[in-house]
Amino acid sequence: MSSDASSFWPPAFEAAIFDFDGTIADTAWIWEEVDRTFLGARGIPYTEEYARTLSALGFAAGARYTIEAYGLKDETPEEIAQEWTRLSQALYHTRVVLRAGAERYIQSLRAQGVPTALATVNEPELILSIRQVDVEGLFDARVHGRDVGVAKDQPDIYLEAARRLGARPERCIVFEDVVPGIRAAREAGFITCAVRSPDDLQPLDEVREAAELYLHDWSELA
C-alpha cells in the first residue's frame with residue numbers, strides 16, 4: 001500500500017469514482033440514528049454488526065437482509081426501504097455536508113480535466129435532497145445501488161460508473177471506505193484508495209490492507 005502524493009493526481013489515473021457515505025461525507029451518525037429508530041420500533045436491539053453489514057448492501061439488499069435476519073415476514077423490502085428513506089431524508093436535506101477538503105480535491109481534479117463519478121448505494125432521492133452539497137455540479141455521473149441491483153461486494157457499481165465516464169478500470173481510481181467495495185473494485189482492475197471514515201465502526205486495519213492507496217484525511221491533498 002502506498003501513500004505517495006503523486007498517486008492522487010493525474011497522470012496516475014484518468015478518471016475518479018467516489019463513494020459518498022463515510023468517504024466524502026460524514027453520515028455515520030445519521031445511519032446509526034435510523035437503525036436505532038427502525039429496530040427499536042420493532043423491539044430489536046441495535047448492534048454494531050448490523051450497522052457494518054448494511055453499510056455495503058444498499059437499501060434493497062439491506063432490506064432483504066433485515067427481513068431474513070429478524071424474521072420480519074409481514075414486511076416487504078419496498079416498505080422497509082421507504083421507511084429508511086423517510087427517516088433519513090430530513091437529516092440529509094438539512095445536516096449533511098462534505099468532509100473538509102473533499103470538495104476542493106474533487107474540483108481540482110475536474111479543473112485538470114479528470115471526469116468524476118459518484119458511486120453510492122444510497123437512493124437518488126436522498127442524495128439529491130442534500131441542500132448544502134452541489135452533487136450534480138461535482139460529478140459527471142452518478143450511479144446508485146438500484147441502478148445495478150447488487151451490493152458493493154460485486155464490482156458492478158464501479159464498472160457502470162467507469163463506463164459512464166468512458167474510462168477503463170485500470171485507468172480509474174476508486175475512493176471507498178468499506179472493505180467489500182475496495183476488494184471488489186480492486187479485483188475488477190481499478191486503482192483503489194481506502195479512505196479513513198469518521199465512523200468508529202470502520203475496521204481501519206482491514207480497510208488499509210485491502211487497497212493500494214490510503215488517505216487519512218482529505219485535507220492532506222490540499
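Modeller: Contact means heavy atoms within 4.5 Å. This is a predicted model, where local features need pLDDT of at least 70, side-chain atom pairs count only at pLDDT 80 or more, and totals for chains, interfaces and linings use all residues. Residues are numbered from 1 along each chain as its sequence is written, and side-chain values use heavy atoms, with hydrogens and water left out.

Biologist: Take G22. Which residues is G22 in contact with, leaving aside its neighbours within four places in sequence?

Modeller: T27, R99, D177, R196, S197 and P198. G22 sits in the loop between β1 and α1. Its C-alpha atom is 14 Å from that of K152, a residue 130 places away along the chain.

Biologist: Why does G22 count as buried?

Modeller: Its relative accessibility is 7%. Buried means under 20% relative accessible area, exposed over 50%, partly exposed in between (1.4 Å probe, protein chains only). So G22 counts as buried.

Biologist: Now the sheet. In what order do its strands run?

Modeller: The order is β3-β2-β1-β4-β5-β6, six strands in an open sheet with parallel pairing. β3 (141-144) and β6 (213-215) each have a single partner strand, so one side of each lacks a neighbour in the sheet. On average, neighbouring strands are turned by 20° against each other, direction ignored. Strands are DSSP runs of E with at least two residues, helices runs of H or I with at least four, numbered from the N terminus.

Biologist: How do you know that β1 and β4 pair?

Modeller: Two strands pair if DSSP finds at least two bridges between them. β1 (residues 15-18) and β4 (residues 172-176) share four bridges in the parallel sense. So they pair. F18 stands opposite F175 in β4.

Biologist: What makes β2 a partner of β1 and of β3?

Modeller: The bridges again. β1 and β2 have three, parallel, and I17 is bridged to A117 of β2. β2 and β3 have four, also parallel, with A119 opposite V143 in β3.

Biologist: What makes you say that both faces of β2 are covered?

Modeller: T116, L118 and T120 on one side are buried, and so are A117 and A119 on the other.

Biologist: Why is α3 called roughly perpendicular to α4?

Modeller: The axes of α3 (residues 58-70) and α4 (residues 77-95) come within 8 Å and cross at roughly 115°. That makes the two helices roughly perpendicular, a class that spans 65 to 115 degrees (under 35 is roughly parallel, over 145 roughly antiparallel, the rest oblique).

Biologist: Which residues make that contact?

Modeller: F59, A60, G62, A63, R64, T66 and I67 of α3, with P77, I80, A81, W84 and T85 of α4. They divide into eight nonpolar, three polar and one charged. Ala, Val, Leu, Ile, Met, Phe, Trp, Tyr, Cys and Pro count as nonpolar, Asp, Glu, Lys and Arg as charged, the others, Gly among them, as polar.

Biologist: Where do the axes of α1 and α4 stand?

Modeller: Those of α1 (residues 28-40) and α4 come within 10 Å and cross at roughly 145°. Residues of α1 including W29, W31 and F38 meet α4 residues including W84, L87 and Y92. This contact has ten nonpolar, two polar and three charged residues.

Key. Axes are lines fitted to C-alpha atoms, for helices over the stretch in contact, and angles run from 0 to 180 degrees between N-to-C directions.
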